[in-house]
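Student: Could you take a close look at one part of this protein with me? After that, I'd like to hear how the other parts are put together.

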Amino acid sequence: MNVKERVMAARLVAVERWPYFGPQLLSMVLVPKSIGTCATDTRGRFYYDPEFVKAVSVQELATIWLHECLHVWLDHAERRCGRPPSIWNKSVDREINDDLKKECMPFPEAFPPLLPHQIGQPDGELAEYYFGHEEQEDEEGEGEGDGEGEGEPEDGGSSMDGIPRDWEDGPESESGVSEIPESMQECIKQQVSENVVEHIKDGGHVPSGIALAAEANLSPPKVPWQKEMAAAIRACAADVAGAVDFTYRRPSRRQSVYGDVIMPAVRRPVPETVIVLDTSGSMYGPDLQSALDETQGVLKTLGGRGIRVLATDSQVHSRQRVTHASKIEVLGGGGTDMRVGLAEAQKLKPSPDLCIVLTDGYTPWPDRAPKGMQVIVAITGGHAKRAPDWARTVSIEG
Ligand SMILES: [Zn+2]
């Protein structure tokens, strides 16, 4: 068996293991490249180093096939959202490898897989979650640590983080190397998702990470979260206004004396708003920016001015009154406890009518609603189920 046959044999072993994943595996364009390992890019190519292929068993290579193609199918490049790639790339590997490990798939001995338990975290979470728990790297220390990379190769290509590697072939029009057009890649993703759901219906086994991703891919598009957020803020504003109106409208003995006095119109109050911002590390990039922009926008239409922001992880790091999202200092990066931020919000003067918690949802919540203020929990990454019952919930998805 020559090298290419070996690569193709391993691909068939992978298809046999996960038949539903066949379209993804079989669509990949094979490109030999001396990169020390295997990798996939964002153009539907599977690169393999012939020396590496010879050094591992076909069964191990099948595991690598699944691993590399999962980077593509799980959209790791798109999902990075500006996170530092060196840390993100570890998190995406953990998201993949826990599923492969659970299936008892062999990894090459020289390249042990990154797994959630190595950073003290449970299996079955998303890369965005693991990212919040990775050890933060000392940026200055880089360069000196060149020697330690042995045994841990530069795993993967641009499919992990969207950053083209020097050794990757460019667009087909320039490099002449076949690529799978984006529209076709989207079809493949959908096809695999449908296969997964079928497979489960037929009583087949699918690793939980794959099943969840397939369901998410197939779920119908939701109401844009911006609309939900605006509606939630308006509803809170109306509640606040209602409470104020009520005190004005209460008939008083005095009023009867004056007869048909027209009460002065009550100016609709803008809810005094505070944002509790989760800075634990998993809130990042466009999600955070658009959530803040949207909040500011809606409050502006109601006539609001600056909003106070409490940057919170396991403690409150800063209290700022900001008029622009870009002015928010994002600090923190430890554990996460939004209870601390909510408690702090209640102590503010003037006391807030509305508290918007922007979080990825990986936090404990108070058992009951905080007294005296409405709470909107805006959750990124589709974890709406983790929000408490007593809050209005908005699921923020890009
Ligand atoms: Zn990887």
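Tutor: Let's start with the side chains of strand E7: Leu354, Ile356 and Leu358 point one way, Cys355, Val357 and Thr359 point the other way, and all are buried. "Buried" here means that 20 or more other C-beta atoms lie within 10 Å of the residue's own C-beta, while 12 or fewer counts as exposed and anything in between as partly exposed; the C-beta atoms are placed from the backbone. E7 covers residues 354-359, and six of its six residues are buried, so the strand is mostly covered. Keep in mind that this is a predicted model: local features need pLDDT of at least 70, side-chain atom pairs count only at pLDDT 80 or more, and totals for chains, interfaces and linings use all residues. Residue numbers start from 1 along each chain, following the sequence as written.

Now for E7's neighbours. Strands of a sheet pair through backbone hydrogen bonds, either parallel or antiparallel. Two strands are called paired if DSSP finds at least two bridges between them. Strand E4 (residues 273-278) pairs with E7 in the parallel sense, over five bridges. Within that pair, Val276 has Val357 of E7 as its bridge partner. E7 is also joined to strand E8 (residues 374-380), again running parallel, by six bridges.

E8 pairs in turn with strand E9 (residues 392-396), in the parallel sense and over five bridges. In that pair, Thr380 stands opposite Ile396 of E9.

You can find buried residues in helices too. Take Ala237, which sits in helix H11 (residues 225-249). Ala237 is buried, because 23 other C-beta atoms lie within 10 Å. Ala237 and Val270 are 33 residues apart along the chain, yet their C-alpha atoms are separated by 6.6 Å.

Next, have a look at another sheet. An open sheet of three strands has mixed pairing and the order E1-E3-E2. Strand E1 (29-32) and strand E2 (38-40) stand at its edges with a single partner strand each, so one side of each has no neighbour in the sheet. From one strand to the next, the twist averages 20°. E1 and strand E3 (residues 45-48) are paired in the parallel sense over four bridges.

The contact is made by Thr63, Leu66, His67, Leu70 and His71 of H4 with Val92, Ile96 and Leu100 of H6. Contact means that the C-beta atoms of two residues, placed from the backbone, lie within 7 Å. By class, this contact has five nonpolar, three polar and no charged residues. (Ala, Val, Leu, Ile, Met, Phe, Trp, Tyr, Cys and Pro count as nonpolar, Asp, Glu, Lys and Arg as charged, and the others, Gly among them, as polar.)

Last, a few totals. The protein has 14 helices and nine strands. Of its 398 residues, 39% are buried. Among contacts with a separation of 6 or more, 64% are between residues 24 or more positions apart.

Methods: Helices (H or I, at least four residues) and strands (E, at least two) are DSSP runs, numbered from the N terminus. Axes are lines fitted to C-alpha atoms, for helices over the stretch in contact, and angles run from 0 to 180 degrees between N-to-C directions.
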